[in-house]
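I opened this notebook to record what I looked up in the structure. The entries follow in the order of my reading.

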Amino acid sequence: MEQPSPPETAAACHEDLLEAIAIRGDRAAFAELFGHFAPRLKSYLLRLGADAATAEEVVQESMLTVWRKAASFDRRQAGAGTWIFTITRNKRIDRLRRERRPEYDPNDPALIPNRPEDADQTVWSTQIEARMRVAIDNLPPEQSDLIRRAYFEELSHREIAERSGLPLGTVKSRIRLAMQRLRERIDGLD
Amino acid sequence: MTDTTPVFHLEPEVLLAYSAGSLDEANSVLTATHLALCPRCRHEVARLDAVGGILTTQLAPTALASDALTAVLARLDEVPSPVEDKVAAAIDDETRHWVPEPLRHYIGTSLSALPWKRRGFAIHELPLSLGAGSVRASLIRTGGGAALPAHSHDGVETTLVLRGAFRDDSGRYARGDVSTATSADDHRPVADPDDECLCFSVIDGSLRLTGRFGRLLNPFIRI
Ligand SMILES: [Zn+2]
């Protein structure tokens with residue numbers, strides 16, 4: 001991309017911290033990640049209706065998983081914030097909904113691999129993440145509101161439609177517009 | 001088998017709900033199994049997960065208990081209990097070939113060893129218990145050229161093709177393709193003549209069957 005690299009931000013070094021845990025079991029790196037992410041993960045769990053004690057436990061279990069699975073973190077696939085978010089999301093489903101979180105297995109021989117033209121497409125980089133933050137900040141309020149409600153209120157598009165009194169078609173088209181906008185901005189098509 | 005990528009995808013709202021973690025377990029199994037067969041939706045979900053990560057880390061922090069970090073640091077050297085994978089060995093190659101993870105794990109055995117229930121001429125069904133509520137999940141197997149039950153339903157039926165193909169008035173659905181039908185649709189799916197057809201279907205809400213085969217099947221359907 002011809003855009004200049006963004007300055008080294010705090011977000012850029014979270015990936016280094018995860019790699020330090022993976023490579024040499026770096027406890028100081030873990031403590032630093034904990035200090036940044038754990039209080040935000042607690043907010044996330046509280047937003048989704050967990051009581052304070054449960055939120056605290058799920059945060060601790062998530063951070064323990066971060067420590068144990070750091071070797072599987074791949075910064076070409078996801079940023080540290082994304083990777084840690086998915087771990088906590090899955091723990092929450094497991095713990096609060098008492099359901100399993102089904103995921104595909106990237107090593108399954110039955111999996112259809114990416115097309116050759118996408119094979120070395122970088123899914124995550126600090127540049128992509130920076131573009132993404134801008135794209136999210138610039139979503140029209142009614143679109144950004146729906147995306148936030150999907151992540152923080154555990155509402156399906158049908159429930160959002162019922163509660164807000166909006167027609168289902170309107171909710172769907174706003175979600176689709178938001179996703180299209182993010183896709184265009186993030187993949188650099190704008 | 002050809003590694004062509006799917007033409008019919010999951011609806012964007014479903015991918016969002018999967019990324020947000022609000023989708024029920026049965027629909028999540030269907031979504032994740034489509035992802036195994038669909039690079040395009042995998043990419044979309046990776047992007048959505050990144051949105052979730054950004055939104056979550058933008059939340060104002062909430063203080064943890066003062067000893068939280070100490071408590072976790074003290075547990076770092078614990079050895080996690082190993083996750084056993086006892087089903088893996090019992091699944092034959094045919095099943096590994098046609099049924100990707102995570103659905104394969106939920107089935108837990110070979111397709112040929114499943115207690116299929118006969119649902120009419122050349123149609124077999126295997127109900128799967130995946131989560132609670134009004135969601136009904138099953139595998140459906142038909143012979144080549146067979147007509148699948150025509151549904152007219154109050155909820156939404158999502159069908160993922162795993163093997164073979166079927167055709168209805170909205171198009172032809174082959175391996176990896178997803179068909180989403182609502183109460184407004186009354187499709188009459190027919191399997192391609194040259195191969196059997198294997199699908200995974202999830203129905204949200206109650207269901208009413210219409211048509212010749214539908215009336216035949218109705219007594220068997222748990223609602
Ligand atoms: Zn797809």
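This is a predicted model: local features need pLDDT of at least 70, side-chain atom pairs count only at pLDDT 80 or more; totals for chains, interfaces and linings use all residues.

Entry 1, helix packing. I noted that α8(A) passes α9(A) in a right-handed crossing (left-handed if the near helix is turned anticlockwise from the far one by less than a right angle, right-handed if clockwise). Helices are DSSP runs of H or I of at least four residues, numbered from the N terminus. Helix α8 of chain A spans residues 157–164 and helix α9 of chain A residues 168–186; they pack at about 125°, with axes 9 Å apart. The axes are lines fitted to C-alpha atoms over the stretch in contact, with angles from 0 to 180 degrees between N-to-C directions.

I then listed the contact: A:His157, A:Arg158, A:Ile160 and A:Ala161 of α8(A) meet A:Leu168, A:Val171, A:Lys172 and A:Ile175 of α9(A). Contact requires C-beta atoms, placed from the backbone, within 7 Å.

Residues are numbered from 1 along each chain as its sequence is written, and chains are lettered from A in the order in which they are written.

I found 50 residues of chain B in contact with 61 residues of chain A. On the chain B side, α3(B) gives the most, with twelve residues.

Key. Two residues are in contact if their C-beta atoms, placed from the backbone, lie within 7 Å. Helices (H or I, at least four residues) and strands (E, at least two) are DSSP runs, numbered from the N terminus.
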